[in-house]
Amino acid sequence: MRFQFMLIPAAVIASAGVQAEEYLTLERAQQLLFPGAEFSQSFFSINDQQKEEIIAEAGVTVWSRHIKVWKVSTGGWFYLDQVAGRDDWVSYAVGIDESGAVTGIEVLVCLERWNQVRHPEWRAQFVGKRRGTLDLHGDIQNISGTSLSVAHITEGVRRVLVTHGLFVAPAES
Amino acid sequence: MSEDAAQNAINAGFETIEKIHKLMSFHEAESDLTALNTTAHQRPVSVHAYTYAVLESALAFARDSKGVFDPTVGYDLVKAGVLPRPNSMQEPDTSACWRDVELLPERYVRFHKPLWIDLGGIAKGFAVDKAVESLAAPPEVQLCVNAGGDLRVSGPAAELVRLDARIGDAEIPVLKIENGSIASSSGYARGGQAEPQQAAAHLHGVRRTAVGERSFVSVLAEDCLSADALTKIVLALGLQADAFLWRCGATALLHNARDGWRTLGLGND
């Protein structure tokens, strides 16, 4: 007999629509983006005005008012987000370092045929992007056959960067 | 395994569970349990092999736990409003305990005093174990039998089980288990954790008072009957159940508001 006991924050399951099985990949994504770190949940919700600010600056749809972010013990933040693929919701994670730059993204759940977005080389394109530097139309290479997910994840990362800059990151000089 | 073979096996599993329920029900007039509770203090009563096996296990747990687990709490459960009062049965002797149950050869059972046995949860655990046995699945087949929360898993993969702890919404306890059994119990009143004054479902076998009214426990063991018996022992003994769980090769996840989640027994690092 083997067993493992886990306590899963209900906020993750309910609002992210992540099932318990998928949460296991969430933990893995956390460790891939920030190896050996501990994560303390720092979820918050945005109001209408804040939502408008994000839309104004990022130019993208805001899917949910609930921002799922964890503070990382070794520095930085871990965001869990969902965007619409063609037939499914794509759950993905963005790591942001202390300076506000993307350290990487990990895709958590994908229907098999859209799996191209999990390609390491494709995800690597996001590394180093900052608020203001992620261009929706030229920056990220499309992958044939997955254009909807690509555009949405790109928009999502842009939205996360803007949200981070407006409401989470320490005030800069 | 072919679809037909799987379906036949599954039907056999359900039949087994149904049969065990009929034999060991406290309320059914035709059950072995009713025959015992009505007559066994007057003369030995013959029971089905399944009933005899469950009684053997129940008495072994009673002996090993020095009576903390005691299947003769039927009368106390009726008085507490947890079980319905049986019709036309002699009132039990309130000093009766597990030592007054004698198992005789040829599947006969005798009581030395009038008493009421309740096989409650452990009959369900036994039913799950027997169902798994009757399914006779080859080792590469993934199997999960779940009877109202008493659950047994076998096969190459792990199952994820959400524990119905009802302790608030902030965190959801989930157990990942491979090749084992889980049984869960709480002493919460029917209405939930908020009303501890109402009848609780679990009694300390010696003191005959309610236990675990603010606790929830899940026990992991090799077989479901043991997991179930152990839930009652853990609710009664709390953290003191650690050594007992070790000896049984079992683990318990115990929760209460004061201490949060604690792991007891095997696998407790």
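How many bridges join β4(B) to β5(B)? Read on through these close-ups to find out.

**View 1. The open sheet of chain B in a predicted model**. Local features here need pLDDT of at least 70, side-chain atom pairs count only at pLDDT 80 or more, and totals for chains, interfaces and linings use all residues. Residues are numbered from 1 along each chain as its sequence is written, while chains are lettered from A and ligands numbered from 1 in the order in which they are written.

**View 2. The hairpin of β4(B) and β5(B)**. Here is the count: five bridges join these antiparallel strands, β4(B) and β5(B). Two residues lie between the strands, and Gly148(B) in the turn has a positive phi of about 55°. Look for Asn146(B), whose bridge partner in β5(B) is Leu151(B).

**View 3. β5(B), a mostly covered strand**. Five of its five residues are buried (20 or more other C-beta atoms within 10 Å of a residue's own, with C-beta atoms placed from the backbone). Asp150(B), Arg152(B) and Ser154(B) point one way, Leu151(B) and Val153(B) the other. On to the next strand: three bridges join β5(B) to antiparallel β8(B), where Gly180(B) stands opposite Val153(B).

Notes. Pairing = 2+ DSSP bridges. Helix = DSSP H or I, 4+ residues; strand = E, 2+ residues; numbered from the N terminus. Buried ≥ 20, exposed ≤ 12 C-beta atoms within 10 Å, placed from the backbone.
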